[in-house]
Amino acid sequence: MSIKQFNASYLAPDDRLLFRFNTSEDTEFRFWFTRRVTLFIVAATSHLLVKNLEQSHTPEAAKAIAEFGEEAVKAERERRESVKPETYLPANNYPLGADPVLVMDVKCSFEKQDSEDMLSLDLVLPGGANINLKMAGPTLQAMCLLLNQLREHASWGDVPQVAEAGESVEDEEEGAKPSVH
């Protein structure tokens, strides 16, 4: 499943985000993200990206590289939007149904796929089912940028540090990829 487009909007009466994405296989998935889930995704992905970069860079350099990547994605998006705003194209197939599904929890980790580092994002759904998304580089940063912009629009406050978010960072063996849940 290859993600083609993301779309999200803040619904003030529900204090939730409607998050949806379509794929190159003409399928669309729709989810409700609560404040807790959104803040966790933004905090955890940022934390994991820096920790992953720290495997080959100093902590200061890793943080600077992550910030530079975020700014580059933001600038590219603004440039594209100024030329021709992108319209979200709904798909024809809805494997989970056309109604959004509430995301109950999220699990994040980095893993190697071929030679590329990918973020594995498990969206835990009611009843224990989950949807796993694997994203790399620009796709991951575009999703984080979108969620962060909506967080600001919703006035949900600052993104907490992972340790302050009440979530635990699992202690991993030396050299293993960090995982956050």
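Buried means under 20% relative accessible area, exposed over 50% and partly exposed in between, with a 1.4 Å probe and protein chains only. Helices (H or I, at least four residues) and strands (E, at least two) are DSSP runs, numbered from the N terminus.

The model is predicted: local features need pLDDT of at least 70, side-chain atom pairs count only at pLDDT 80 or more, and totals for chains, interfaces and linings use all residues. Residues are numbered from 1 along each chain as its sequence is written, and side-chain values use heavy atoms, with hydrogens and water left out.

View 1. Let us start with the overall layout. Three helices and eight strands make up the elements of the protein chain, in the order β-β-β-α-α-β-β-β-β-α-β from the N terminus. Of its 181 residues, 40% count as buried. The average pLDDT (the predictor's confidence in each residue, from 0 to 100) is 82, and 81% of the residues score at least 70. Over residues 164-175 the pLDDT is below 50, and beyond near neighbours in sequence this stretch has 16 contacts (heavy atoms within 4.5 Å) in the model. Where pLDDT is low, the predicted coordinates should not be read in detail.

**View 2**

**View 3. The partners of β3.** Two strands pair if DSSP finds at least two bridges between them. Strands β2 and β3 run antiparallel, joined by six bridges, and Phe 21 stands opposite Phe 29. Four residues separate the two strands of this hairpin, and Asp 26 in the turn has a positive phi of about 60°. With β4 (residues 101-102), β3 pairs in the parallel sense over two bridges; there Phe 31 stands opposite Val 101.

**View 4. Met 143 in the largest nonpolar core.** A nonpolar core is a set of buried Ala, Val, Leu, Ile, Met, Phe, Trp, Tyr and Cys residues joined through side-chain atoms within 4.5 Å. The largest one has 36 residues, of which Phe 31, Phe 33, Leu 121 and Met 143 touch the most other members. Elements giving two or more residues to this core include β1 (3-11), α1 (35-53) and α3 (137-153). Leaving aside neighbours within four places in sequence, Met 143 is in contact with Phe 6, Phe 19, Ile 41, Leu 121 and Met 135.
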